[in-house]
Amino acid sequence: MKPILHNFFRSSASIRVRAALNLKGISYDQVSYVLRENEHHSEAFLALNPQGLVPALQLDSQTVIAQSLAIIDYLDEVYPEPAFLPKTPLDRAWVRSLAYSLACDVHPINNLRVLGYIGTELGADDAQVKAWFQHWVAEAFGPVEAMLSKDARRGQFCYGDTPGYADLSLFAQVTNNRRFEVDMSPYPTIQAIHQACLALPAFVDALPENHPHAT
Ligand SMILES: N[C@@H](CCC(=O)N[C@@H](CS)C(=O)NCC(=O)O)C(=O)O
């Protein structure tokens, strides 16, 4: 069977994985969950992924991988070409450090359930929720911009001229930033890499607006 990606069109962790699958040229089916309607908390989805978060990649009736970075690592191991990671351990660590800054430091605190909690439980209004989102983006984007702008290994993409591990998370986060009107002008290098991604169908097809179940 084709792998099935359980995901949501606007989810940035899902965008990362859709772009990864596309870059590897893997054909997959999709099942969508409307997060605001809590479809990811359904019994059926929790039976597949007890973590109750999208994305999850289902390989067969028994085998489901949760966590976008675990999925991307798996894909890179099983489908080595095109490689997402550089050849040397030090360069791999560099690329991962860029990706983790976005996927592990920004994304979790700007996730739907966190924004929902500060709105509903702590009483933040829409403007405060937006300010929260923008604040945590700036905390990581400033350093990532500085790292990328000075790095000789950067090409059109975070590392060289082919897209890889860090570009997946950069692309997903910049895409998500649009909804919260993040000012991208302080980050010209990140913007240029995002534009380079947008020149490739693998990334364009991963955009929320191009998802077959976008609403
Ligand atoms: N660390 C996880 C994060 C997954 C995650 O938080 N996904 C979000 C969508 S981007 C989600 O399912 N949110 C549901 C919720 O917040 O209730 C990963 O990278 O896969």
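**Entry 1: domain spacing and interface**

I looked up the distance between the two domain centres: over C-alpha atoms, domain 1 and domain 2 lie 20 Å apart. I am working on a predicted model. The domain assignment puts domain 1 at 4-82 and domain 2 at 89-203. I then listed who takes part in the contact: 15 residues from domain 1 and 19 residues from domain 2.

Next I took the buried area. The two domains bury about 1600 Å² between them. Carbon and sulfur atoms carry 69% of that area. Which residues of domain 1 lose the most area to domain 2? I found R16, L23 and L69, and together they make up 35% of what that side buries.

**Entry 2: α5 against α6**

Helix α5 covers residues 112-120. Its axis comes within 10 Å of the α6 axis, and the two cross at roughly 140 degrees. The crossing of α5 past α6 is right-handed.

I wrote down the contact residues. From α5 I have V114, L115, I118 and G119. From α6 I have V129, W132 and F133. By class I get six nonpolar residues, one polar and no charged.

**Entry 3: α6 against α7**

I turned to the other partner of α6. Helix α6 spans residues 126-150, and helix α7 spans residues 165-177. Their axes are 12 Å apart, at an angle of about 140 degrees. I therefore log α6 and α7 as oblique to each other. Left-handed or right-handed? I have α6 passing α7 in a left-handed crossing.

On the α6 side, I list F133, V137, F141 and L148 in the contact. On the α7 side, I list L170, Q173, V174, N176 and N177. I sort these into six nonpolar, three polar and no charged residues.

**Entry 4: backbone checks**

I checked the peptide bonds for cis geometry. V54 and P55 are joined by a cis bond, with omega about 10 degrees. I place P55 in the loop between α2 (43-48) and β3 (56-58). E81 and P82 are also joined by a cis bond, with omega about -10 degrees. I find P82 in the loop between α3 (68-78) and α4 (89-106).

Last, I looked at phi. Q67 has a positive value near 80 degrees, and Q67 is not a glycine. I locate Q67 in the loop between β4 (64-66) and α3.

Key:
Residues are numbered from 1 along each chain as its sequence is written. This is a predicted model: local features need pLDDT of at least 70, side-chain atom pairs count only at pLDDT 80 or more; totals for chains, interfaces and linings use all residues. Side-chain values use heavy atoms; hydrogens and water are left out. Axes are lines fitted to C-alpha atoms, for helices over the stretch in contact, and angles run from 0 to 180 degrees between N-to-C directions. Helices (H or I, at least four residues) and strands (E, at least two) are DSSP runs, numbered from the N terminus. Angles under 35 degrees count as roughly parallel, over 145 as roughly antiparallel, 65 to 115 as roughly perpendicular and the rest as oblique. A crossing is left-handed if the near helix is turned anticlockwise from the far one by less than a right angle, and right-handed if clockwise. Contact means heavy atoms within 4.5 Å. Ala, Val, Leu, Ile, Met, Phe, Trp, Tyr, Cys and Pro count as nonpolar, Asp, Glu, Lys and Arg as charged, and the others, Gly among them, as polar. Domain bounds come from an automatic or database domain assignment. Buried area is the accessible area (1.4 Å probe) that two parts lose on being put together, summed over both.
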